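Please find below a note on the model under review. It is set out as numbered points, to be read alongside the sequence and coordinates.

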Number of protein chains: 2
Amino acid sequence: MSETFDFQTVAHDGTARRGLLRLGGGLVETPAFMSVATYGAVRGVGFDDLPPLGAQIVLANTFHLHERPGEDIVAAAGGLRGFTGWKGPWLTDSGGFQVTSLADRVRLDESGVTFSSPVDGRRRELTPEKAIQIQEALGADIAMALDQVVPITPDGRSEIEAAMERSLRWAERCQQARTRPDQAVFGIVQGGADVDLRVRSARATGSLGFEGHAHGGLGLGEERAERRAMIAEVHGVLAAEPPRYLMGLGRPEDIVDAIAEGVDLFDCVVPTRHGRHGLVFTSEGPLNVKNARFKDDFGPLDPDCDCPACRQHHRAYIRHLFAVGERLGPRLTSLHNLRYTLRLMQRARQAISEGRFPALHREIMDLAR
Amino acid sequence: MSETFDFQTVAHDGTARRGLLRLGGGLVETPAFMSVATYGAVRGVGFDDLPPLGAQIVLANTFHLHERPGEDIVAAAGGLRGFTGWKGPWLTDSGGFQVTSLADRVRLDESGVTFSSPVDGRRRELTPEKAIQIQEALGADIAMALDQVVPITPDGRSEIEAAMERSLRWAERCQQARTRPDQAVFGIVQGGADVDLRVRSARATGSLGFEGHAHGGLGLGEERAERRAMIAEVHGVLAAEPPRYLMGLGRPEDIVDAIAEGVDLFDCVVPTRHGRHGLVFTSEGPLNVKNARFKDDFGPLDPDCDCPACRQHHRAYIRHLFAVGERLGPRLTSLHNLRYTLRLMQRARQAISEGRFPALHREIMDLAR
């Protein structure tokens, strides 16, 4: 168990909960959204931009950093905090999902994953032990166990079951491989869209002594209501004390749905990726600022937003930046979407404390319709 | 004459001079460097980034804004300040240089320039009157007279002379076309690398009643010493009171050379363009941060710099950002180069006040060797 890790819930509203996560890198109020810094940088955004947006913790991708610049360089700089300059809390994923979706010539067996590097073509291996070793070198406050993620397909139950069971054996090996007392590790619940498999996975993962638990392999095809029900069932068998993390989902409606079931942590590339395409979240629903109808719209992206884009600029200007290919455009929409998402987390925490989370939940679901 | 324009020199050191330029958009301490916002945005940099870097005034390109979004949109937003959110001083170029170098099927005669729009292919016309009309719609504090720029070639004297004389006739038409009492217009000295032509151009331009004068068509092939001598000769025939602007040159050595001769204003894309290619100015001379030797260099870009990149990050991280194509890389190097350039202006102003500009001049020339 990590010596520098602590999580306490401070308020409940139904099954939604507010908490305080203490990490070596600092405090994180939950529910919290982790901004994604794949290669150690949030795309187009500087770390000095993050605190004013309400960001508390950043996620980096182990597979990408292992490829470039390599964990040895990051470790020589003093880990992710020393390498990137973001001195606050970090979480790293295990690299498992990324390696199977991004690397070339992937071969997977009980020992782990072998693959050809997309950077230099060399053969590399990612095992549970290696995933922990790399993440210890990167030095995040929270590391993730290596799991095997398979796509959700109608007749893939046996494959999903086998991957879930292998993920459990890998999770045990990850626990065995740990050497850093200052790094927490979260186990990952798998089982595709099969609620029985997910509950079995949760029971077993919950018995392995991880500091926290994650829902893995979701957002890959299941219905939202189905997902919500599976999250609820899994929370029914996991101990309430450790924090719960829904991996890779970050649309406003996904977030509030999961908060309602007691999820504490989120990460997603959607705010910055949508931003780069001109898609922005607003208090009046989503819009695409590249649309020609905004060419002389001198109002802010969102009248109810306090981000740098909304405080300084109007839609006509931001649309113009996209039209002429100025990189300030995607930067402003990324800052806006991050602020929207991080402010949603602030509003959720407040609403939970004040017993009015269901109203916020309804408000966001109405916008998504 | 503009009613909101005033320029006073406050200190001299040889022919170098320090001054204060009062514009409708605010005060500008000179010598000053104008950051280039071609389409109304400094590439990759937000307007909230500029004041901490020491920026006081921004330049936009009339040709680009005329093409997209069109001066009608900018005017409807309240001019450049309302359109872009930069509430400080603005200068616009006339579009002449840009139209001849960027547009398709350019035809030039005494009335002006006709060309095919690179955006929609339509035939457009840029005359002296139209250049003023567009710039009045954009609403910068300082507009530029339309001139004809021709490349400096060894046997092109007659062409250069004809362009210089046409530029004078166009300058007169620009003066006639003005209707805004709150916008200054600068005349532009032409004449290629021929000192006699430039002196003739300066005498005539100086008699037309412009609020300021610019050196145009330089940095296009002449030697640095030759340029400096021509600037000195031209200053010899121009009245001392109006501000003097060297167009389009911004390497540190170009800047200090021109300040030594009494130039007050500069603009250049070099800080951001070099930045985007990983080339950074430092107190130890220029370097390319993409170089592999920086992969584990955990020192700042420049130990003597206070910019956001140097305060928060090291060379290894910035090199990594370039290696993986993260747009934070070019942003950080652009911020750094702008800060370097703007700080050079601050140092020059201080040095002029304290009578030690020649030492700063030598320091910068030694770095460029």
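1. Basis. The model is predicted; local features need pLDDT of at least 70, side-chain atom pairs count only at pLDDT 80 or more, and totals for chains, interfaces and linings use all residues. Residues are numbered from 1 along each chain as its sequence is written, while chains are lettered from A and ligands numbered from 1 in the order in which they are written.

2. Fold of chain A. Chain A contains 15 helices and 16 strands (DSSP runs numbered from the N terminus, with helices being H or I of at least four residues and strands E of at least two). Its radius of gyration of 20 Å is close to the 21 Å that the globule rule gives for 369 residues, so chain A is as compact as a globular protein of that length. The radius is taken over C-alpha atoms, and the rule is 2.2 Å times the number of residues to the power 0.38. Along the principal axes, the C-alpha atoms of chain A fill a box of roughly 60 × 50 × 45 Å.

3. Symmetry. A rotation of 180° with 0.0 Å of shift along its axis superposes chain A on chain B, with an RMSD of 0.0 Å. The two copies are thus related as by a two-fold rotation axis. The superposition is by least squares on the C-alpha atoms of residues with pLDDT of at least 70 in both copies. The same surface serves both copies, as 100% of the contact residues of chain A recur in chain B.

4. Burial. Of the 369 residues in chain A, 56% are buried (20 or more other C-beta atoms, placed from the backbone, within 10 Å of the residue's own).

5. Glu261(A). This residue lies in the loop between helix H10 (252-260) and strand S14 (265-268) of chain A. Glu261(A) counts as buried because it has 23 C-beta neighbours inside 10 Å. Leaving aside neighbours within four places in sequence, Glu261(A) is in contact with Thr15(A), Arg228(A), Ile231(A), Ala232(A) and His235(A). The C-alpha atoms of Glu261(A) and Arg17(A) are separated by 8.4 Å, although the two are 244 residues apart along the chain.

6. Val58(B). Leaving aside neighbours within four places in sequence, the contacts of Val58(B) include Met34(B), Trp86(B) and Trp90(B).

How values were computed:
Contact = placed C-beta atoms within 7 Å. Buried ≥ 20, exposed ≤ 12 C-beta atoms within 10 Å, placed from the backbone.
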